[in-house]
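Try each task before you read its solution.

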Amino acid sequence: MAEAEPLPVLWTPPSVLADLKARAAAAYPFECCGLLVGCPMAPGDEGPKVSRMVPTANHAANPRRAFEVDPAAHIALLRTLRAQAKEGRQPVEQVIGHYHSHPDAPAVPSARDQAQAMEPGLIWLIVAASLSGAGEIRAWRAIRDGDGAIGFQPMNLIFL
Ligand SMILES: [Zn+2]
């Protein structure tokens, strides 16, 4: 029997996860969303690292059941990060993924998430939320499967 490969690791500061839970609870019954900034995995690295999250408005037509990161906020963030890189600021930060909440649903990618996933390598943080507050947070990485479709690989969330 082949040994199961260990899950890829995502390093995250506890403060980011606490902030994510607070935002998911505050947005309930709507989905909150935003972008994850950090360092992608370099060769020989232990895994990508989240340094911070950047909340954005949810532009989905039905924000109870879907999310859409505000595209203007996304572009503004990319410009800021590019300017930082030009200044030579270290560490070089990139948008490595995004987060959103699942009101009254588990922290696993939905069929809609599956349909929305376009970019392999992008990290998806999903937090469950209910009337009583935020629940489980799980990390996923979009990967291209053998058929060329995009799927989600679970990641192991580890505190920095
Ligand atoms: Zn979702």
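**Exercise 1.** Is Asp 104 buried, partly exposed or exposed?

*Solution.* Start with the count. Asp 104 has 13 C-beta neighbours inside 10 Å, so Asp 104 counts as partly exposed. The cut-offs are these: 20 or more other C-beta atoms within 10 Å make a residue buried, 12 or fewer make it exposed, and partly exposed lies in between, with C-beta atoms placed from the backbone. Asp 104 sits in the loop between β4 and α3 (111-116). Helices (H or I, at least four residues) and strands (E, at least two) are DSSP runs, numbered from the N terminus. Last, check the backbone. Asp 104 is not a glycine, yet its phi is positive, near 55 degrees.

Two notes on the model. Residues are numbered from 1 along each chain as its sequence is written. The model is predicted: local features need pLDDT of at least 70, side-chain atom pairs count only at pLDDT 80 or more, and totals for chains, interfaces and linings use all residues.

**Exercise 2.** What span should helix α1 have at 1.5 Å a residue?

*Solution.* Helix α1 covers residues 14-27, which is 14 residues. The expected span is 1.5 Å times one less than the number of residues. That gives 20 Å, and the end C-alpha atoms are 20 Å apart, so the two agree.

**Exercise 3.** Which residues of α1 are buried, and which are exposed on the other side?

*Solution.* First, list the buried ones: Val 16, Leu 17, Leu 20, Arg 23, Ala 24 and Ala 27. Seen down the axis of α1, they fall within an arc of 125 degrees, so they line one face of the helix. The arc is that of the directions from the helix axis to the C-beta atoms. An α-helix has 3.6 residues a turn, so residues three or four places apart point the same way. Now turn to the other side. Pro 14, Ser 15 and Ala 18 are exposed there. Ser 15 counts as exposed because 12 other C-beta atoms lie within 10 Å. Finally, find the cover. Among the elements over the buried residues of α1 are β1 (9-12), β3 (49-56) and β5 (123-130).

**Exercise 4.** Which residues does Leu 20 contact, leaving aside neighbours within four places in sequence?

*Solution.* Contact means C-beta atoms, placed from the backbone, within 7 Å. By that test, Leu 20 touches Met 53, Tyr 99, Leu 125, Val 127 and Ile 137. Take Met 53 next. Met 53 belongs to strand β3. It is buried because it has 23 C-beta neighbours inside 10 Å. Its own contacts include Val 16, Asp 19 and Leu 36.

**Exercise 5.** In what sense does β7 pair with β1 and with β6?

*Solution.* Strands pair if DSSP finds at least two bridges between them. β1 and β7 (residues 150-159) are parallel, over four bridges. There, Thr 12 has Phe 159 as its bridge partner. β6 and β7 are antiparallel, over six bridges. Here Ala 142 is bridged to Phe 152.

Notes. Contact = placed C-beta atoms within 7 Å.
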